Amino acid sequence: MTKQLIIGLAAEGPTDHRFLVNVIRRSFEDLAFLCHGNIEIMDIQNIYVQNAKFTDYLLEAATIAYHEHGVMVLCIHKDADAKTDQDIFINKIQPAMKTLE
């Protein structure tokens, strides 16, 4: 029996969506080959959220993705806006993940 995987992408703008959809699809297709059984990767669902604080943005994106699109995996893109990605993890990703818990 083929299992379906519904993936969503929340990104900052349409350019991010156009570029990242193909990267995400290829990445998950590569992973699916490592799995037992058949996995069908459905069309990537673009999740658009109005500008908000990152934690609120993430919560709204997750809610929309799940309730409106049945998304099972939500990919989040956030520009680092710094020389390293450490700042974005410490100040945005980690607080948002704590909120989601």
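How many disulfides does the structure hold?

1. The structure, which is a predicted model, holds 0 disulfides. Cys 35 takes part in none, and the nearest cysteine sulfur to its own, that of Cys 75, is 15 Å away. A disulfide needs the two sulfur atoms within 2.5 Å, and the sulfur of Cys 75, at 15 Å from that of Cys 35, is therefore too far for a bond.

2. The two cysteines also fall into separate accessibility classes. Cys 35 has a relative accessible area of 38% and is partly exposed. Cys 75 has a relative accessible area of 18%, and because buried means under 20%, Cys 75 is buried.

3. Helix α2 runs over residues 54–69, which makes 16 residues. Just after α2, Gly 70 has a positive phi of about 65 degrees.

4. Which residues of α2 are buried? They are Phe 54, Thr 55, Tyr 57, Leu 58, Ala 61, Ile 64 and Ala 65. An α-helix has 3.6 residues a turn, so residues three or four places apart point the same way. The cover over the buried residues of α2 includes the strands β2 (7–10), β4 (45–47) and β5 (73–76), together with helix α3 (86–100).

5. Thr 55, within α2, deserves a separate entry. Its relative accessibility is 19%, so Thr 55 counts as buried, given that the class covers values under 20%. Leaving out residues up to four places away in sequence, Thr 55 touches Pro 95, Ala 96 and Thr 99.

6. The largest pocket has a volume of about 230 Å³. It is lined by 14 residues, of which Ala 11, Glu 12, Val 49, Asn 51 and Tyr 57 are the closest to its centre. By class, the lining divides into 7 nonpolar, 3 polar and 4 charged residues.

7. Is Lys 3 buried or exposed? Lys 3 has 59% relative accessibility and so counts as exposed; its place is in strand β1 (residues 3–5). Leaving out residues up to four places away in sequence, Lys 3 touches Asn 38, Ile 39 and Glu 40. The C-alpha atoms of Lys 3 and Ile 41 are separated by 8.7 Å, with the two residues 38 apart along the chain.

How values were computed
Residues are numbered from 1 along each chain as its sequence is written. This is a predicted model: local features need pLDDT of at least 70, side-chain atom pairs count only at pLDDT 80 or more; totals for chains, interfaces and linings use all residues. Side-chain values use heavy atoms; hydrogens and water are left out. Helices (H or I, at least four residues) and strands (E, at least two) are DSSP runs, numbered from the N terminus. The expected span of a helix is 1.5 Å times one less than its number of residues. Buried means under 20% relative accessible area, exposed over 50%, partly exposed in between (1.4 Å probe, protein chains only). Contact means heavy atoms within 4.5 Å. On a 1 Å grid over the protein atoms alone, a cavity is a set of points where a 1.4 Å probe fits but cannot get out, and a pocket is an open set with protein on both sides within 12 Å along at least five of seven lines; lining residues have an atom within 4 Å of a point. Grid points are joined across faces, edges and corners, and a volume is the space filled by probe spheres set on the points. Ala, Val, Leu, Ile, Met, Phe, Trp, Tyr, Cys and Pro count as nonpolar, Asp, Glu, Lys and Arg as charged, and the others, Gly among them, as polar.
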